Structure formats: structure tokens, C-alpha cells
Amino acid sequence: MTVPALEVEGLRHSYGGDRFALEDVGFGVMPGAFTCLLGPNGAGKSTLFALATGLLRPTAGHVRIHGHDIADEPGKALARMGVVFQQPTLDLDLTVAQNLRYFAALHGIGRREADRRIETELTRLSLFERRAEKVRALNGGHRRRVEIARALLHRPALLLLDEPTVGLDIPARRTLIRHVHALCADDGIAVLWATHLIDEIDPATDHVVLLHRGRVRASGPVAAVNEQAGCATVAETFDRLTTAKPLADVEAAA
Amino acid sequence: MNSLVNGLGAKGWWVAFQGIVAREVLRFVHQRERFLGALVRPLVWLFVFAAGFRAALGIAIIPPYETYIPYEVYIVPGLIGMIQLFNGMQGSLSMVYDREMGSMRVLLTSPLPRGFLLVARLLGGVVVSVLQVAAFLLIVRLYGIDLPAWAPLTVLPALLLNGLMLGALGMVLASTIRQLENFAGVMNFVVFPLFFLSSALYPLYRMEEAGELLWWLCSLNPFTHGVELIRFALYGQVDGQALAVVTGATLLFAALAVRGYSPARGMGSRAPSAG
């Protein structure tokens, strides 16, 4: 059996106190799968990302990237992971190429090889002509594309994106979603795409992990999850599983 | 694959180090106001403050000086220290900013160990401060202040060490400051005491004349020893006590800084901003 690109197991996290931001969260993302981490605001998505990238250490449980536990082998895990954070993280006063070279250097990729990969990734996103411009001169959609190009420079097997379409207009969103789907289909990259926007899910191909109040309410291919919840669409499933009903009701319904 | 740790060979570490330093230098070069500010501040002190004090303040012959010196000559090492002090705090500010804006996360998603990344970032800041000092020394020379010909070279090791100490101090502060808005307080409670309670403006023996307590405070201030290290290095000499204190303080601050950024403590213990 192939090793999952991302394996989350028994993950719990508390920022102190009795309230858990995440509780017993477990799921896997296989190579080539586009998985949507779906959940309303405050469901624990960003906490999950901070744990998966090693910025936070979990209270309990494991996150493994291609079998490497982020807590025990952070170097090996991080080398196989590309991340697009929710907040923009480019240096606005540096050029596109300077930003990308900096990131490549952080992964030990030298100047010549970095420039080759930068050309490949930027060309795929039709931004190569703008490589010498300062990021400040780019619009939000283009900045996001640069961040995706950046996250791919070290050829990761897993791409994590935390609400990457926030603040983008509809065409920019579509471009982004299409591009990342192509990465899964063509390059076999595993993707975890956090969102609260249901229309970003392609019901034909995608998997979903539905997170609500720090717990996984459903996970699997879209069709299977809908069937399990007794709903026709993801939107219905989402509504049914994330309404603020007492937990017992939700479980009875599911 | 010939790898040391984490699958990246020694070359990979070097590439990452260069990349981190280059980013700091590029960011500095792109922010012209910052460069000007870094230069104008010590020059104002030199041209206005020192010129005015020249008449009022006589300085006895104390090592490393071999003759009577004008006040401008005395104050130069202190102003070099000031450049590095402000640069260290600026580094701290940009680190808090990076953390608030999220770009600190990019640095920390490198597969290299966190301690190495933070030290590289620290050295990047030191390189920037050395560039600022070089520009300052050039103007000092053009202004006609007499320094040994080799001073810019002999002072270099002292600049590296003092820069590391102040940069590490900045990092400690950055790891304790939760919000950008709190930064002004740091300037008041850290920068001003460090600078004024030091040998930057007056020799310590003058402080002793002014009062025992003042002298004690100045003697305990690591910045005093940074300034003295620079003062002696400008004349090709090593002040052993200053070297010991600055080295010790650097190690202490660096250890605290790396501890402040450990993953168990998170990026601070703040919850992420959303979902």
C-alpha cells in the first residue's frame, strides 16, 4: 500500500485551558488526491495547518508527511511539503524573482538551479515576464500565484493551502483552483486545500474532510460523504453537519 | 545521497545561509529611508552634540588613547555602537512585523534546524549593521576625524560580536513582544537606558565622579562593554574584559532567543488569527 502524503492521527490541540481547538482529528491524503479541508470559520483549520507545518506542537497525536513525523523528523517532513499560508507572506519590496530565490535558498537550492525552476513554475502560471517586478506592483491574484509557484520550487509531494482564495475575485479563484487541480492530476502532488467556500470543491474528483468545532465530522470522496450524510450535495452535507445543533442530534442525523 | 542532516548537505546549509543574509541586505537596500535614518542619527550626534560638548568636556588620557583627544574622537565608538544598537532593535521590530505578517513562517518551513535559521537571520542583520557602520566611518573620515588607517579592518571582529549581541537581544525582545504596537515601549525602556547608561557619551571615570550607583549601572551594562570593545579595536587593541562580557552576553541572549522560538511554545503562544 502506498504511504499517504499526509497522515493525521489522533491529533489534539489546546491553547491552554480545557477547550480543545482540535480533538481526535484523523485523516489521510493520498498522492495525487485533491482534498478539501472544509469547515466554517473557527473550525480549527488554521490550527491544523500550524500543527502540520511544525509551527505548533500538538498536545497529543501525530502528523506524518510521507511517513516522517513532523515532531520527530521535522527536516525530512518539511522538505517534502509546500505551504501557502492564509496571510500573504511575500516581501513586498523585493522582486518576484528575489522572493523566489530566497525561498529556494531556504531549501538549499543554489542560484542556477533555482532560476531554472523559477522559470518553469512562473511560466506555468504565466507570470515569467513579471519576475523582475516588485511584488508590491502585483495584484492579489498574481501574488497568490507567485506564492504557489514558490511553494513548488523544492518539488514537494504535498501542498498545503490555507484558504488561498481569500480576497480574490472569481476569475482569479478559478485560475488558482484549476492550476492546483492540474498539479494533482499531472504531477501526482497531494493537496490539502482549506476553505469554507463550498463551490471550490469539484464533486467529481475531490475528497473532503469536514471539520467542525475541532472534530472531523466526515471524510472521504465527495460522493461517499454525501451518501453517508444522506444529502445530495456537499452544500447540504455541510449545512447538516455544521449547524450549531447539540452534538447528539448531529450524530443521530448522520 | 551525501547528506549531513535533513537531507541537505553542507552546500545546502551554505546556500540557505547566503539566501537569508542576502534577503536582509536586499530589504535594507530597498528601504532607503531606513538607510538614511541609520546614518543621520549618529551624524546629528557627531555634528551637533559632540561639537557643542567639545568645549565643555575635557577627557583625560585613558587607554586606548595615547594623547589628549577631542570629544568627537571619543564619541565615535559610542556612535558606532548606537548604529548597531538601533539596527539590532530594527531587526527585532522587523521580526515582530514578520511574525504578525506571517513571513516568519516561511523562514521556519525550511527543513533546516530552527536554531540555524535564526542565527543566520541574526547574522544577516549584523551584516546590514556593518554596512551602515562602513558608511558612517567613511563620513567620519571625510569630516576630518583622525582614526588609525587600519581602523575599519581592525574594528570588524568587534562589530561582528557587538552586532550579534545586540541582534540576539533584539530577538529576545521580539519573542516576548506580542504585538507591534508595544514596540515603542521597548525603545523607551531598552534603547535609551542602554545608550545613556554606558560609556558611549562619557568615560566611565566621569560617571564615577557623578555617583557610585550610576557607575555601577554603566559597568553592568553590556552595551558599555560593546562600545569599549569597539573603541579598543579601532586602535588595533583587545579589551579582554569587554570581550569576555560581550561574548557571554551574546551566548546568553542567543540561547534565550532560540528558546523563545521553540515550536513547543509556538510562535508565541498566540492562537492563529482565524479558523
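**Exercises: cavities and the A–B contact**

The largest cavity has a volume of about 230 Å³. The model is predicted, so-called local features need pLDDT of at least 70, side-chain atom pairs count only at pLDDT 80 or more, and totals for chains, interfaces and linings use all residues. Residues are numbered from 1 along each chain as its sequence is written, chains are lettered from A and ligands numbered from 1 in the order in which they are written, and side-chain values use heavy atoms, with hydrogens and water left out.

**Exercise 1.** Find what lines the largest cavity.

*Solution.* Start with the term: on a 1 Å grid over the protein atoms alone, a cavity is a set of points where a 1.4 Å probe fits but cannot get out, and lining residues have an atom within 4 Å of a point. Next, go to the centre: of 21 lining residues, the closest to it are B:Asn87, B:Gly91, B:Arg121, B:Leu122 and B:Gly125. Finally, look at the helices: α3(B) gives the largest share, eight residues.

**Exercise 2.** Which residues line the second largest cavity?

*Solution.* Its volume is about 50 Å³. From chain A, look for A:Val83, A:Phe85, A:Thr89, A:Phe103, A:Arg150 and A:Ala151; B:Val106 and B:Thr109 complete the lining.

**Exercise 3.** Describe the contact between the chains.

*Solution.* Counting heavy atoms within 4.5 Å as contact, 37 residues of chain A meet 36 residues of chain B.

How values were computed
1 Å grid on protein atoms, 1.4 Å probe; cavity = no way out; pocket = protein on both sides within 12 Å on 5 of 7 lines; lining within 4 Å. Points joined across faces, edges and corners; volume = space filled by probe spheres on them. Helix = DSSP H or I, 4+ residues; strand = E, 2+ residues; numbered from the N terminus.
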